Amino acid sequence: MLRAGLLSGLVLAAAPAHGFIAYVSNEKSNTVSVIDTDGWTVTKTIKVGQRPRGIEFTRDGKFVMVAVGDDDSIQLIDARTQAVVDTLPSGPDPELFTQDAAGKTLYVANENDNTVTVIDLEKRARLGDIQVGVEPEGMTVSPDGKTLINTSETTNMAHFIDTASRQIVANVLVDARPRFACYKHDASELWVSSEIGGTVSIVDPGKHEVIGKVTFEIPGLRKEAIQPVGIGMTKDDKTAFVALGPANRVAVVDTATHKVTKYLLVGQRVWHMAFTPDEKYLLTTNGVSNDVSVIDVAAQKVIKTIQVGELPWGITMAPGIAP
Amino acid sequence: MIRWLLGPIGLCLAAAQALAADPVTIGVGYLGLAGTRSTLSLVEQPAENDGVAGAKLAIEDNNTTGKFLGQRFALEEHRIREGEDPVQAATALAEHNGFIVAALPADALLKVADALRDRGTLLFNAGAIDERLREADCRANVIHTAPTRSMLADALGQYLVWKKWSRWLLVVGSHDEDKLYADALRRAAARFGAKIVQERTFEDTGGARRTDSGVTLIQRQMPVFTQQAPAYDVLVAADESEVFAAYLPYRTWDPRPVAGSAGLVPRSWDAAQDQWGATQMQNRFIKLNARRMTALDMQAWTAVRMIGEATSRTNSGEVKKVTDFIKGPNFEVAAFKGTRLTLRDWNLQLRQPILLVDGRMVVSVSPQEGFLHQVSELDTLGYDRPESKCKLK
């Protein structure tokens, strides 16, 4: 079965038109690794600012934005030349950020001063700040673009922010140290991972209430080692993947029952993840083992490991195929 | 004017839980001793506000969260002067504060705990590491955020054994607390398979910790004091009184590392800790207090954060409700140590990883890999449930 998976990967590799490009931020190396899924190799290592973490493609696929926290800014990498070309004016210590559907507005979580910074992406200018809880981190925009979600790690809340007025409209208490937030594509549920609490809270975005929790249990592992961080939701909203940090596993969750159906063993301290645009593969960053695991989404199997820089943290996938 | 009015109104609300829309004020007292102790190293000399500075930051953090929940936290500090009665001071603080964070010696803490028991005030021991406060002298109204001597000794012991530095030369100071720390270190050696090849006592003969020509003399004394020892891997010093341990590194007769009260030191927190998001916390602390964060600051921060965690989870400022939640099975708090911290229900000691630091860096964090436990690996540090003599009342 595993071999079959590998074979199909090889077939894919033989057809270069199907290759996708992933960018991985390496927190310790101060670099970004470029992975070509056509052959699963690192094709380039780009030097960036200090402590790169949050990383995302612009909607048009022309640039990669990477938050370099210790330089208090977000750098722009030109996807064509694969070099840093500009810097965005974020607040102090940016970690994670998100953009609206049009790709015009960027929202940045600034961990050091309890604010979310709003940036106009076209003008590359700072529009303002929103006061949130202690240590803002997880960021996402609702599918209709009307609500911005920010999670604050020490306040333990998901803040619902109206994107038009930039006012907080609701606060939902979740388990300890919420790190990542992700909507279902149909906007019916908001998923929030709690690293220290060890759960994923399912929030009803209309009622602003926690309606369920995904819990994790891995035989032979202490509860403390299970620390959910990154979440990936398939486009049909049927399956979610949750990175479990030092548990070295990605949980496969049935979104109808909110139950884990399978645990996939990946590298050590798995942080974040990104699907290939065709959703055949899911790539995870493994902080301690300095590599990226490739999961075959349909088979729910890890098929490959790619060595990258030191302490890989974030990952983003180019929206189209490689040029 | 408005703030002045809000205080007393908030207090009434906290008691009655009336209108949810009005902010509830949650009073936290901080009770410490006036003056600071003297340390051998000038850079380790505690600041006047050691401890309370951490409580202050946690009050700010709680208030940031509290503004979303209609909760307001207020801190009232009292320092006990020489000759002042701790019970009187604590009783006065308890008038306006349902929670008191204490950094007091064991005897004073016990007196305060017993005096406040019927009042329902919840005490947090942020300062005393004495085992007996969690064992024979444990109290149902005292929660311990300070680690115990045995937790600190076990954290160090696990690392030294992992490092295969299993032959220890133990040097013990002549004061009571030095002897208690030595007891904890002996216990750690026995538990984890290290061998104490010899013990020596360093007598405190008095004298100043700060002199203008100190180094010359120390450089002659320390090699002589440590010569003719049996073969050993590491010198472990028990000197809580700050009499000699800091003089040992680089001055031992044999070239050996030093651990315990100097060299590699086990602590609940350190200004160099930057893992698990701690940098944000360190930055917030420096911004607020214009100095770096100590272990005592962290122990006080954790206590106040525990209160904030419980008030937000229970959506209440009622002392009884908050206390029950903290003592209950669902309580956990995040404190930048890579894992959730929970309470040992048999003696109300906060489980926590212990950092091993050298004054500049965090060298390691215990429990070490491979030290297993059926409930929580954090319970490999310190006295465990089956050994406990505590009967909470």
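Hi everyone, this is a short talk about how chain B and chain A meet, and then about one helix inside chain B. Please keep in mind that we are looking at a predicted model.

Let's start where the two chains touch. How many residues of chain B are in contact with chain A? There are 31, and they contact 32 residues of chain A. Together the chains bury about 2,400 Å² between them, with 46% of that on carbon and sulfur atoms.

Now for the polar side of things. Between chain B and chain A there are 14 residue pairs in polar contact, with both residues at pLDDT 80 or more. The count of salt bridges between these chains is 2. In one salt bridge, the side chain of Arg222(A) meets that of Glu377(B), at 3.1 Å from N to O.

Which helices of chain B each supply at least two residues to the side touching chain A? Those are H2, residues 52–69, H8, residues 278–289, and H9, residues 295–314. Sorted by class, that side of chain B has 12 polar, 10 charged and 9 nonpolar residues.

Last stop: helix H4 of chain B, residues 106–116.

Terms used:
Residues numbered from 1 in each chain as written. Chains lettered and ligands numbered in written order. Predicted model: local features only at pLDDT ≥ 70, side-chain atom pairs only at ≥ 80, totals over all residues. Heavy atoms only, no water. Contact = heavy atoms within 4.5 Å. Buried area = accessible area lost by both parts, 1.4 Å probe. Salt bridge = Lys/Arg side-chain N within 4 Å of Asp/Glu carboxyl O. Polar contact = N/O pair within 3.5 Å; in protein donor to acceptor, adjacent residues only side chain to side chain. Helix = DSSP H or I, 4+ residues; strand = E, 2+ residues; numbered from the N terminus. Nonpolar A, V, L, I, M, F, W, Y, C, P; charged D, E, K, R; others polar. Buried < 20%, exposed > 50% of the residue type's maximum accessible area, 1.4 Å probe, protein only.
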